[in-house]
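Colleague: I'm new to reading protein models. Could you walk me through this one?

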Amino acid sequence: MVIRVYIASSSGSTAIKKKQQDVLGFLEANKIGFEEKDIAANEENRKWMRENVPEDSRPATGYPLPPQIFNESQYRGDYDAFFEARENNAVYAFLGLTAPPGSKEAEAQAKQKQQA
């Protein structure tokens, strides 16, 4: 299972750059393997990302903006969804991965199972 993060290496938007760095930095810091897919330098990546972001996750006008996050070819969400998952200690679930033992997320999942 490979996490793919679609980014734009040459974006004029500082907001997009910050969001991309935030996602990539989190994945690197937590040693979560991922592939960076540049939509600015590679037309195939851009086309694939645009075709594979679900209709209900696209902006009303224009194209979905990076970063867009996939697990293999399964769409996981955009920056806002990632940020919300991170705030809720649910990034591994958001990414479709198993939380490593000892992580805050694994501990939260264990507590939920005990309460159920």
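Predicted model: local features only at pLDDT ≥ 70, side-chain atom pairs only at ≥ 80, totals over all residues.

Colleague: How many helices and strands does the chain have?

Modeller: Helices (H or I, at least four residues) and strands (E, at least two) are DSSP runs, numbered from the N terminus. Here you get 5 helices and 4 strands, in the order β-α-β-α-β-β-α-α-α from the N terminus on.

Colleague: What does the radius of gyration say about the chain?

Modeller: It is taken over C-alpha atoms, and the globule rule is 2.2 Å times the number of residues to the power 0.38. For 116 residues, a compact globule would come out near 13 Å; this chain has 15 Å, which agrees. The C-alpha trace spans about 45 × 30 × 25 Å along its principal axes.

Colleague: Is tyrosine 92 buried or exposed?

Modeller: Buried means under 20% relative accessible area, exposed over 50%, and partly exposed in between (1.4 Å probe, protein chains only). Tyrosine 92 sits in helix α4 and has a relative accessible area of 10%, so it is buried.

Colleague: And which residues does tyrosine 92 touch?

Modeller: Contact means heavy atoms within 4.5 Å. Leaving aside residues up to four places away in sequence, the partners of tyrosine 92 include Asn30, Ile32, Pro100 and Glu105.

Colleague: Where is serine 103?

Modeller: Look in the loop between α4 (91-95) and α5 (104-115). Serine 103 has a relative accessible area of 16%, so it is buried too. Its side chain reaches the backbone oxygen of proline 100 at 2.8 Å; a polar contact is a pair of N or O atoms within 3.5 Å, and within protein one must be able to donate a hydrogen and the other to accept it, while residues adjacent in sequence count only if both atoms are side-chain atoms.

Colleague: What about the backbone: what is phi of lysine 31?

Modeller: Phi of lysine 31 is near 55°, a positive value in a residue other than glycine. Lysine 31 lies in the loop between α1 (14-29) and β2 (34-38), and at 75% relative accessible area it is exposed.

Colleague: Which peptide bond is cis?

Modeller: The one from proline 66 to proline 67, with omega near 0°. Proline 67 is in the loop between α2 (43-52) and β3 (68-71).

Definitions and conventions:
Residues numbered from 1 in each chain as written. Heavy atoms only, no water.
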